[in-house]
Amino acid sequence: MDRLGCVYLVGAGPGDPGLMTLKGRELLSLCDVVVYDHLASERFLDWVPENCRKIYVGKQAGHHSMKQEEINGILVELALSGRTVVRLKGGDPFVFGRGGEEVLALEKHGIPYETVPGVTSAVAVPESAGIPVTHRAVSRSFHVITGHTQAGTECLPPDFGVYGTLPGTLVFLMGLGQLPKIVQQLIDSGKSSDTPAAVIENGTLPGERVIRAPLAQISSRVREAGLGTPAVIVVGDTAAYEMKYRTEGPLAGKRVGITGTEQFAGKLAAALSEQGAQVSWLINMKVEDHIDEAPMQTAYRNLSDYTWLVFTSANGVRLFFQGLFKDGRDYRCLGHVKFAVIGDGTGRELSGYGFNADYMPDTYCAKALADGLVQVAGPGDRLLIARSGGGSPVLTQTLLDAGIRFDDIVLYEVSGRQASSFRPEQEMRLDYITFASASGVRAFFDCMDKAGTGDTANKALGPAGSLKDIRLVCIGAVTAHELERQGYRADITAGQYHIEGLVQAIIKDSFV
Ligand code: SAH
C-alpha cells in the first residue's frame, strides 16, 4: 500500500486570521486537502496551495451539519490514500471542537496525526473586549462551559447548578440560544443577580460587538441589541473590566459603517477604533480572479506582442502578477513592456513588484489615463488593459478614437454582499459610511435595493430608509463619481488612496 497521509488537527484561532499560529499557517500552505467547518474568516483558505482540495463539512444553511462519523470517515479515507490533510477547526481543536473524536478514529486506523493548538475563543474573545479571564485578587480561576449538550439545544448540561457556586470567571461557549436559562440557573444556584456579565459577538473580527450588564439584565439587553452567533458569554467580576487602550479619541461616540474586502475592512476598522469610533462592517466585497480564463491565458502567452501594460487598480496589479507566476513565467517576459497606472495606489503596488510606472496621469480617473495614453502611445503600440469587469468604457473609447490598438481583458470581478456581522434589525444610526471603490458603492446600493424601501436594511441606515443624516465618505474621485451616479453626493472625498487618508479625512470632518 502507498504511504499513509498525515492528518493535522489545526486550530484556526478565534477569527482574526492574525491569531492563527505560524505552525498552523505553514501546514495550511503545504497540505493536499483542507477539511474545514464554518470559518470566521475566509482568508484561511487563501493560504492553501492552488491545487489543494477544499472540503467543507460544516453546517449548510437550513441543513444539519455533517455527522461526526462521516467527518471521521472522510479524514480516514483521505489519509489512507496518502494525502496530507489539514483538519482546520475554530479556536483550539480540543476545546469543544470534537477534535478528540477525530483523533480516536485516526488512531483506530493507525493513521499518523498531530494536533496543532489554536488560540481558543474562550480566552481570546473576552480579551478582545478587554475582559481578562483571571485577575489578581478578583478571579483566581476560570471555567469554560458549554451552553448546550448533545441531548439537544433545549438541554443545559446536567448538574448545571454547580456553576453558580464557583467563585471564578464563567465562560460559556455555544450558549447564546440558552442565555435566559443559563442566567436563571446561575441565579437560582446562588450567583448574585448583580454579578457583572458580558456577551461578545464576533470577537476579534471587524464586526465585534459587546454588551455588558448585570447578570439579571444581560438577556434582555442582548435581545434588544439583536446580538447573534458566534458569541461568548462571560459571567463574573472581571466581566466589568474594559482593559483596552482607548484614547477617548477624536472619533469617540461616532458610528462608522464601512464597506470593503475582509482584509481592507479589518485594517480600516482597527484604524478607526483606535481613534475612538464604533465600527460596523456593512458590505463584504469579494474579488474573484479570472486568471485561469481563456482571455487572460492568451494574454499571458502573447505578452511579447504588447508594448504597454495598463493597470487601473492595485488589485489588478496583484492579480496580474499572481497569474503570471502561476504558470512558471517570471519577470523576464516583461522586460520590454512599459507600464501605465491610474494613480499612486496602483503605482505603489506595481513598485512592490520592482517596476516603476512609465506613465501616471495627474488626476485619478479613466478619462485622464486615456488622454495621457493617447499622448505617450502611438499606432505602433499595442496595449494590454487587464482590469475588473465593468470598467469604465471611457478608457477604451478614447483609445479606439485615437486608433491605438489594445486588448481590454477581464482580470477579475468584484462583488459584494451584506457582511454577516451586520445586523440591520438593530436599527443602528450611523454617522458615516465609507466607500473605497466604485464597485463598493454599487454593491452597497444593490444590497439596499434588494432590501427594499422601509425594509430592515434601510431602517438600519437611518430613519425612513434615508441616508440624509449620514455623511458619505469616498476614498477618491472615481468612487465619488459612482456615488453621484447613484443619486448621492459624497460629503467627504479623501483624495489619498489609503486607509490613513480615509481616517484623517473623517477626523477632519468631525471637527467641523
Ligand atoms: N474550539 C473552539 C470552540 C468551538 S465551540 C475554540 O476553542 O474557540 C463554538 C463556540 O465558540 C461558539 O458557539 C462561540 O461560543 C465560540 N466562538 C468561537 N469563535 C468566536 C468568536 N469569534 N466570537 C465569539 N464567540 C466565538
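Which residues are exposed on the other side of α6? Arg223 and Glu224 are, and I'll come back to them in a moment.

Quick housekeeping, then. What we have here is a predicted model, where local features need pLDDT of at least 70 and side-chain atom pairs count only at pLDDT 80 or more, while totals for chains, interfaces and linings use all residues. Residues are numbered from 1 along each chain as its sequence is written, and side-chain values use heavy atoms, with hydrogens and water left out.

OK, helix α6. It covers residues 215–225, and its buried residues are Leu215, Ile218, Ser219, Val222 and Ala225. Helices here are DSSP runs of H or I with at least four residues, strands are runs of E with at least two, and both are numbered from the N terminus. Buried is under 20% relative accessible area, exposed is over 50%, and partly exposed is in between, with a 1.4 Å probe and protein chains only. Looking down the axis of α6, the buried residues fall within an arc of 145°, so they line one face of the helix. That arc is taken over the directions from the helix axis to the C-beta atoms. As a reminder, an α-helix has 3.6 residues a turn, so residues three or four places apart point the same way.

What covers that buried set? The cover includes α5 (179–188), β8 (196–201), β9 (209–214) and β10 (231–235). Just after α6, Gly226 has a positive phi of about 70°. In the loop between α6 and β10 we find Pro230, and a cis peptide bond joins Thr229 to Pro230, with omega about -5°.

While we're on backbone angles, two residues other than glycine. Asn202 has a positive phi near 50°; it sits in the loop between β8 and β9 and is buried, at 9% relative accessible area. Arg98 has a positive phi near 60°. Arg98 is in the loop between β4 (85–89) and α3 (99–108), and at 35% relative accessibility it counts as partly exposed.

Next, the cores. A nonpolar core here is a set of buried Ala, Val, Leu, Ile, Met, Phe, Trp, Tyr and Cys residues joined through side-chain atoms within 4.5 Å. The largest has 25 residues, and Phe320, Phe321, Leu334 and Leu411 touch the most other members. The elements giving two or more residues to this core are α8 (294–301), β13 (308–311), α9 (314–326), β14 (338–341), β15 (382–388) and β16 (405–418). Helix α9 gives the largest share, five residues. Apart from this core lies another, of 24 residues, with Ile258, Phe264, Ala277 and Leu502 among them.

Let's zoom in on Leu334. Setting aside neighbours within four places in sequence, Leu334 contacts Leu303, Leu309, Phe320, Phe321, Leu324, Phe339 and Phe355. Contact means heavy atoms within 4.5 Å.

On to charges. A salt bridge here is a side-chain nitrogen of Lys or Arg within 4 Å of a carboxyl oxygen of Asp or Glu. How many salt bridges does that rule give? The count comes to 19. In one of them, the side chains of Lys326 and Asp292 meet at 2.6 Å, N to O. Lys326 is in helix α9 and Asp292 is in the loop between β12 (278–289) and α8, so the pair ties together parts 34 residues apart in sequence. Then there's Asp408 with Arg387, the closest N and O atoms being 2.9 Å apart. That one ties together parts 21 residues apart in sequence, because Asp408 lies in strand β16 and Arg387 in strand β15. Asp408 is partly exposed at 37%, whereas Arg387 counts as buried at 4%. There's also a network of salt bridges linking Asp37, Arg87, Lys89 and Glu102.

Last stop, the surface. Phe96, Phe142, Val144 and Met174 form a nonpolar patch there, with about 320 Å² of accessible area together. The areas are Shrake-Rupley with a 1.4 Å probe, and for residues only the protein chains shown count as cover. Patch residues have over 30% relative accessible area and no salt bridge; like charges are joined within 9 Å, and nonpolar side chains (Val, Leu, Ile, Met, Phe, Trp, Tyr) within 5 Å. Phe142, in strand β6 (residues 142–146), is partly exposed at 34%.
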